[in-house]
Amino acid sequence: FLNPLFLMLFAVSFLYNGTATSLVSWINTYLDQADFPILLGAGMVSIFYLGLAIGRLTCGLLAEKVGYARLILFCAIGSLAFYPIAIYTSPPLLIALGVLLAGMFYSGLHPTSLAYANRLYPEIGGTVSSLLAIAMTLGAMSVPWITGFAADMIGFQMSFTINIGLLLLLVLVALLLLRREKRG
């Protein structure tokens with residue numbers, strides 16, 4: 001499990017769930033503090049999960065055709081592209097569009113990482129699945145906490161830049177994953 005390829009897949013699951021959970025956990029509070037209508041914030045979580053459901057179906061159909069590493073890269077870039085729209089825009093419709101599309105692109109990250117890891121290590125699929133679940137749990141525990149802690153000191157918009165930085169790291173990991181796949 002110290003194989004660089006597996007560690008990159010571990011990072012994909014960690015970064016996906018950390019930044020996605022941070023968005024879902026804090027968007028309602030952030031929009032409430034920014035004086036948006038309360039229903040807008042509460043509705044964003046549902047819109048995110050709608051995007052996640054649509055994206056999971058789409059990514060499931062594309063994974064074998066596009067390739068695992070390429071799909072992870074595509075989803076990482078899409079998540080990075082739409083996350084800021086969800087956070088740094090004002091019109092409610094644009095925020096909702098950013099949340100929906102971020103959810104759609106987030107949707108392919110962990111499942112594709114999991115499928116890729118299970119393809120690489122079919123004889124220990126249960127262990128692989130468990131380790132990637134640990135990665136997701138660690139991400140969901142740490143990144144939203146760091147975002148909330150930072151928000152108390154510098155405000156939500158600034159604290160969400162932590163997640164943007166992590167999404168940039170995710171794109172880098174995805175690029176390395178694709179490069180390694182092409183070499184190997």
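**Exercise 1.** In which handedness of crossing, left-handed or right-handed, does helix 5 pass helix 6?

*Solution.* The structure is a predicted model, in which local features need pLDDT of at least 70 and side-chain atom pairs count only at pLDDT 80 or more, while totals for chains, interfaces and linings use all residues. Residues are numbered from 1 along each chain as its sequence is written, and side-chain values use heavy atoms, with hydrogens and water left out.

Step 1. Identify the elements: helices are DSSP runs of H or I with at least four residues, numbered from the N terminus. Helix 5 comprises residues 109-120, and helix 6 comprises residues 125-154.

Step 2. Consider the axes, which are lines fitted to C-alpha atoms over the stretch in contact, with angles from 0 to 180 degrees between N-to-C directions. The axes of helix 5 and helix 6 come within 9 Å and cross at roughly 150°. The two helices are therefore roughly antiparallel, a term for angles over 145 degrees; angles under 35 count as roughly parallel, 65 to 115 as roughly perpendicular and the rest as oblique.

Step 3. Assign the handedness: a crossing is left-handed if the near helix is turned anticlockwise from the far one by less than a right angle, and right-handed if clockwise. Helix 5 passes helix 6 in a right-handed crossing.

Step 4. List the contact, which means heavy atoms within 4.5 Å. Helix 5 contributes His110, Ser113, Leu114, Ala117 and Asn118, and helix 6 contributes Gly125, Val128, Ser129, Leu132 and Met136. These residues divide into five nonpolar, five polar and no charged. Here Ala, Val, Leu, Ile, Met, Phe, Trp, Tyr, Cys and Pro count as nonpolar, Asp, Glu, Lys and Arg as charged, and the others, Gly among them, as polar.

**Exercise 2.** Describe how helix 1 crosses helix 5 and helix 6.

*Solution.* Step 1. Begin with helix 5. The axes of helix 1 and helix 5 come within 9 Å and cross at roughly 160°, which makes the pair roughly antiparallel. The crossing of helix 1 with helix 5 is left-handed.

Step 1. Inspect that contact. On the side of helix 1 are Leu5, Phe6, Leu9, Val12, Ser13 and Tyr16; they meet Leu109, His110, Ser113, Tyr116, Ala117 and Leu120 of helix 5. Nine of the contact residues are nonpolar, three are polar and none is charged.

Step 2. Turn to helix 6. The axes of helix 1 (residues 4-33) and helix 6 come within 7 Å, at a crossing angle of roughly 40°. Helix 1 and helix 6 are therefore oblique to each other, and their crossing is right-handed. Their contact involves 15 nonpolar and eleven polar residues, but no charged ones.

**Exercise 3.** Which residues of the largest nonpolar core touch the most other members, and what surrounds leucine 109?

*Solution.* Step 1. Define the core: a nonpolar core is a set of buried Ala, Val, Leu, Ile, Met, Phe, Trp, Tyr and Cys residues joined through side-chain atoms within 4.5 Å. Buried means under 20% relative accessible area, exposed over 50%, and partly exposed in between, with a 1.4 Å probe and protein chains only.

Step 1. Among the 56 residues of the largest core, Tyr106 and Leu109 touch the most other members. Helices 1 to 7 each supply at least two residues, and helix 1 gives the largest share, 13 residues.

Step 2. Examine leucine 109, which lies in helix 5. Leucine 109 counts as buried because its relative accessibility is 0%. Beyond its neighbours within four places in sequence, leucine 109 is in contact with Val12, Tyr16, Ile72, Cys75, Ala76, Ser79 and Leu170. The C-alpha atoms of leucine 109 and alanine 76 are 7.2 Å apart, although 33 residues separate them along the chain.

**Exercise 4.** Is each of alanine 20, glycine 41 and threonine 161 buried, partly exposed or exposed?

*Solution.* Step 1. Alanine 20, in helix 1, is buried because its relative accessible area is 4%. Leaving out residues up to four places away in sequence, alanine 20 touches Phe48 and Tyr106.

Step 1. Glycine 41, in helix 2, is buried at 1% relative accessibility.

Step 2. Threonine 161 belongs to helix 7 (residues 156-183) and, at 36%, is partly exposed. Between the C-alpha atoms of glycine 41 and threonine 161 the distance is 19 Å.
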